[in-house]
Amino acid sequence: MSTSLSTSGSTYGRPPIAGPADVGPQALCAREPRVPAERLVAEMVPPPRFDSVRFDTYNPDDTQPSQAEAVTVLGGFAAGLGGSHASGSGRRRWFARTPKNTAPAAPRGVYLDGGYGVGKTHLLASLWHATPAEPALKAFGTFVELTNLVGALGFQQTVQTLGGHRLLCIDEFELDDPGDTVLVSSLLSRLVEQGVALAATSNTLPGKLGEGRFAAADFLREIQGLSAHFRPLRIDGQDYRHRGLPEAPAPFSDEQVTKAAYATEGASLDDFPGLLEHLARVHPSRYGALTDGISAVCLTDVGPVPDQSTALRLVVLADRLYDREIPVLASGVPFDRLFSEEMLNGGYRKKYFRAISRLTALARDAKPLVSQ
């Protein structure tokens, strides 16, 4: 399995081998990754940042009982997924199997709802690790990655590929348009019929999916169908990424960012407006591959994002950078000024706040790259 990364002057393999620092930084804008469908399937595992997380490494806030409760509930959920797949005999299931064409007696999944930064992805990845099944029988991906998988494989092939799984974990569950609503509703219904257990995270309760994004009333039947698959589990608390930590560093100068990029092996260096234009030419399913082999992302001239389509692409890139723990060093405006007030008050506000939170954490990680 491989991913080609074509550039204007050379071709990178996966991962590209970074040269010495004096060669100069790479440019994300020069990369055009080609991602085969089989890689999309193989990479449906918790991202590198969550390789080692477990329930016992989750640090619940003592003032928020819902966090400790979530650990207990999810631990029981994982234990109940032992044994053979639902289609086998002698199975031990957390959810009762129901005949086809019969409404389930209880939801077949858990839905972790809460604000950004309360550890939902940590818990979801811990559930994946704790479920007693081979990795090939468990899938983990973001909502965007799941819809991209359907686009790459086709609906029926995706059902066949995931239908034999014991667990499907969906991070950052969002419904942004009617097409995704119908697509995901149909996909999850088919997978539930085949005995696949579901777990998801989001900032929106399942009965409220789609609010503020499109005419949700027109798709109420599909949205209610999605909600029926999940037992909501509320997780309260503040953003752990900023709990007790110093404020993120202010943006650096163009000169400081450029100097750090040349001094850091494997770093990339891009002009922010140019990167935003490049993201429009790369499918979001390839944003992870776009960062293959990159040790740090250095950006100059960061400024407010001009429109919502661009903003949503930036959100996906921020998620992939955060998953891969890639520091982000920037000049220009602070990350909390990327999105306009209109965006922050609109239907995608929770996505934008998550991106701000994650980019702020990565900016903090990048501070040591600048020579003092």
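Guide: Let's start with L317, which sits in helix α11. Helices here are DSSP runs of H or I, at least four residues long, and strands are runs of E, at least two long, both numbered from the N terminus. This is a predicted model, in which local features need pLDDT of at least 70, side-chain atom pairs count only at pLDDT 80 or more, and totals for chains, interfaces and linings use all residues. Residues are numbered from 1 along each chain as its sequence is written, and side-chain values use heavy atoms, with hydrogens and water left out.

Visitor: Why does L317 count as buried?

Guide: Its relative accessibility is 3%. Buried means under 20% relative accessible area, exposed means over 50%, and partly exposed is in between (1.4 Å probe, protein chains only), so L317 is buried.

Visitor: What does L317 touch, not counting residues up to four places away in sequence?

Guide: L275, L279, Y287 and T291. A contact means heavy atoms within 4.5 Å. There's also A355, 38 residues from L317 along the chain, with 8.9 Å between the two C-alpha atoms.

Visitor: How many helices and strands are there in the chain?

Guide: 13 helices and 11 strands. Of the 372 residues, 51% count as buried. As for contacts between residues at least 6 apart in sequence, 84% join residues at least 24 apart.

Visitor: What makes R358 and D319 a salt bridge?

Guide: The rule asks for a side-chain nitrogen of Lys or Arg within 4 Å of a carboxyl oxygen of Asp or Glu. R358 and D319 come in at 2.9 Å, N to O, so the pair passes. R358 lies in helix α13 (residues 349-366) and D319 in helix α11, so the bridge ties together parts that are 39 residues apart in sequence. Salt bridges that share partners then join E172, D319, R354 and R358 into one network. Both R358 and D319 are buried, too.

Visitor: How do you know that the side chains of E145 and R320 meet in a salt bridge?

Guide: The N to O distance is 3.9 Å, and the limit is 4 Å, so E145 and R320 make the list. The pair links distant parts of the chain: E145 is in helix α4 (residues 143-153) and R320 in helix α11 (residues 308-323), 175 residues apart. R320, at 4% relative accessibility, falls under the 20% cut-off and is buried, whereas E145, at 30%, lands in the partly exposed range.

Visitor: And what about E43, buried or partly exposed?

Guide: Partly exposed, because its relative accessible area of 29% lies between 20% and 50%. E43 forms a salt bridge with R39, the closest N and O atoms being 2.5 Å apart. R39 has 1% relative accessibility, so it counts as buried.

Visitor: Which residues form a negative surface patch?

Guide: D254, D271, E277 and D301. Such a patch takes residues with over 30% relative accessible area and no salt bridge, like charges being joined within 9 Å. Asp and Glu count as negative.

Visitor: Why does E277 count as exposed?

Guide: At 54% relative accessibility, E277 is over the 50% line, so it is exposed. Its place is in helix α9 (residues 272-279).

Methods. Patches are made of residues with over 30% relative accessible area and no salt bridge: like charges are joined within 9 Å, nonpolar side chains (Val, Leu, Ile, Met, Phe, Trp, Tyr) within 5 Å. Accessible areas come from the Shrake-Rupley method with a 1.4 Å probe; for residues, only the protein chains shown count as cover. The place of a charge is taken as NZ of Lys, CZ of Arg, CG of Asp or CD of Glu.
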